[in-house]
Amino acid sequence: MRSRYCAFVVGDSEYLLQTWHESTRPEQLQLEQGVRWFGLQILQTQASDSDETDAWVEFIAKFNGHDRLQCLHERSHFVREGGRWYYVDGQVYQQPKGDKIGRNGPCPCGSGKKYKRCCGLLN
């Protein structure tokens, strides 16, 4: 789960496809440009009782998209095959639209700087 989040942060769509289960993997993955990820919070993990080949991870990932602070809240399903975990699918929970990030407001990345002097420079 954490490695897939890191792949989103650095824009590594190839890794995301490699860690996606073949039964649900898209042929291509086009990541949205200009998205800044700010953190991953794991809310809950759950493994199947019968064996250790199915697991679920509920998480919230914060990101800046279209100059708005947003959250992706999902419960992801993973399966283990050949000693590796693969993402199968996930249930996305609807989140209210985030507030517009003001240029003089604090940067949501937590640096303590104003947005315009931190992550706003990257847009």
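Is Phe63 buried or exposed, and what is its relative accessible area? Phe63 is buried, with a relative accessible area of 14%. Buried here means under 20% relative accessible area, exposed means over 50%, and partly exposed lies in between (1.4 Å probe, protein chains only).

The model is predicted: local features need pLDDT of at least 70, side-chain atom pairs count only at pLDDT 80 or more, and totals for chains, interfaces and linings use all residues. Residues are numbered from 1 along each chain as its sequence is written, and side-chain values use heavy atoms, with hydrogens and water left out.

Strands (E, at least two residues) and helices (H or I, at least four) are DSSP runs, numbered from the N terminus. Two strands count as paired if DSSP finds at least two bridges between them. Contact requires heavy atoms within 4.5 Å.

Strand 2 and strand 3 (residues 68–81) run antiparallel and are joined by 12 bridges. Glu58 stands opposite Arg75 in strand 3. Trp56 is found in strand 2. Trp56 is partly exposed, at a relative accessible area of 23%. Neighbours within four places in sequence aside, Trp56 is in contact with residues including Gln44, Gln46, Arg75 and His77. Trp56 and Trp85 lie 29 residues apart in sequence and 11 Å apart in space, C-alpha to C-alpha.

Aromatic pairing was examined next. The structure holds 5 aromatic pairs. Rings of Phe, Tyr and Trp (its six-membered ring) pair if their centres lie within 6.5 Å; planes under 30 degrees apart are stacked, over 60 edge-to-face, and the rest tilted. Tyr5 and Trp37 form an edge-to-face pair, 6.0 Å centre to centre with 85 degrees between the planes. This pair links distant parts of the chain: Tyr5 lies in helix 1 (residues 2–10) and Trp37 in strand 1 (residues 36–47), 32 residues apart. Tyr5 is buried at 13%, and Trp37 is buried at 18%. Trp37 also forms a tilted pair with Phe63, 4.9 Å centre to centre and 40 degrees between the planes. That pair too links distant parts of the chain, from Trp37 in strand 1 to Phe63 in strand 2 (residues 54–65), 26 residues apart. Tyr5, Phe8, Trp37 and Phe63 form one aromatic cluster.

A charge also sits over a ring. The charged end of Arg4 lies over the ring of Trp20, 5.4 Å from its centre. The criterion is NZ of Lys or CZ of Arg within 6 Å of the ring centre and within 35 degrees of the ring normal.

A search of the whole structure finds 0 disulfides, a disulfide being a pair of cysteine sulfur atoms within 2.5 Å. Cys6 is partly exposed at 45% relative accessibility. Cys71 is partly exposed at 29%.
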